[in-house]
Amino acid sequence: MSGHTHPCCKIGPSILCADLSCLADECRKMIHSGADYLHLDVMDGHFVPNLTFGHPIVKCLRPKMPDIYFDMHMMVQNPERWVESMADAGANQYTFHVEACEDIPALCRKIQESGMRVGVGLKPGTPVETILPYLDLFDVVLIMTVEPGFGGQSFMEDMMSKVQYLRTNFPYLDIEVDGGVGPNTIDVVAEAGANMIVSGTAITGASDPSQVIALLRNSVENAIQKSQLER
């Protein structure tokens with residue numbers, strides 16, 4: 001998704017907020033509405049209090065949508081445990097939480113060797129400095145703008161300072177934001193410098209998801225254009 005080029009805008013609906021009883025249809029609907037990728041929240045009931053789904057679901061989805069980018073948000077303890085299973089299931093990106101990881105370089109190597117892109121997530125209370133020594137090991141940094149594991153929380157605008165810091169110092173990094181992002185909060189997220197936008201109910205609950213995706217994309221692309229002109 002990036003390299004030494006300015007990161008482009010990617011919109012990834014969080015399918016956790018969709019109707020899980022007809023997941024493949026919901027995923028297709030999101031892609032047809034203009035989504036660039038799908039954000040799949042894996043929760044283990046330990047790292048976060050909720051329980052969602054694991055690699056068997058991903059493995060079932062993959063043949064139904066062979067070309068769609070699956071971004072696995074692994075809100076799990078012992079994230080190293082699930083790397084092979086997720087790679088085997090057809091995941092494209094494996095985003096683990098720094099708070100759950102004891103050996104960051106080893107886990108990043110494992111993810112890369114399994115053929116997936118490496119993402120790292122930070123809870124709201126985790127300072128961005130925690131990951132700076134390892135930044136060259138990650139493809140994507142995910143800044144959580146709510147506490148992971150609970151739905152329906154309010155967007156934490158003060159997390160944008162993390163996004164701004166990363167964008168200013170690492171202009172080529174893919175920066176993802178997840179939690180309470182929708183039409184009312186997208187401008188502040190875009191202006192801070194995020195280019196990968198995870199949005200749940202704002203998209204999946206909309207009567208016209210394509211309209212919401214287009215609105216989010218427009219805001220991010222305008223901010224990217226503006227920042228490039230300023231440079």
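**View A. Helix 8 against strands 1 and 8.** In this predicted model, helix 8 (residues 209-230) lies across strand 1 and strand 8 (196-199), with heavy atoms within 4.5 Å counted as contact. Helix 8 runs at about 145° to strand 1; axes are lines fitted to C-alpha atoms, for helices over the stretch in contact, and angles run from 0 to 180 degrees between N-to-C directions. Helices (H or I, at least four residues) and strands (E, at least two) are DSSP runs, numbered from the N terminus.

View B. Eight strands are ordered 1-8-7-6-5-4-3-2 with parallel pairing, where a pair needs at least two DSSP bridges. Strand 1 (10-13) and strand 2 are the edges, each with a single partner strand, so one side of each has no neighbour in the sheet.

View C. Six of the six residues of strand 2 (residues 38-43) are buried, meaning under 20% relative accessible area with a 1.4 Å probe and protein chains only. L38, L40 and V42 point one way, and H39, D41 and M43 the other. Six bridges join strand 2 to strand 3 (residues 70-75), and V42 stands opposite M74.

**View D. Helices 1 and 2.** The axes of helix 1 (residues 23-32) and helix 2 come within 10 Å and cross at roughly 55°. In helix 1, L23, A24, C27 and R28 meet I57, L61 and K64 of helix 2.

Residues are numbered from 1 along each chain as its sequence is written. Local features need pLDDT of at least 70, side-chain atom pairs count only at pLDDT 80 or more, totals for chains, interfaces and linings use all residues, and side-chain values use heavy atoms, leaving out hydrogens and water.

Methods:
Buried < 20%, exposed > 50% of the residue type's maximum accessible area, 1.4 Å probe, protein only.
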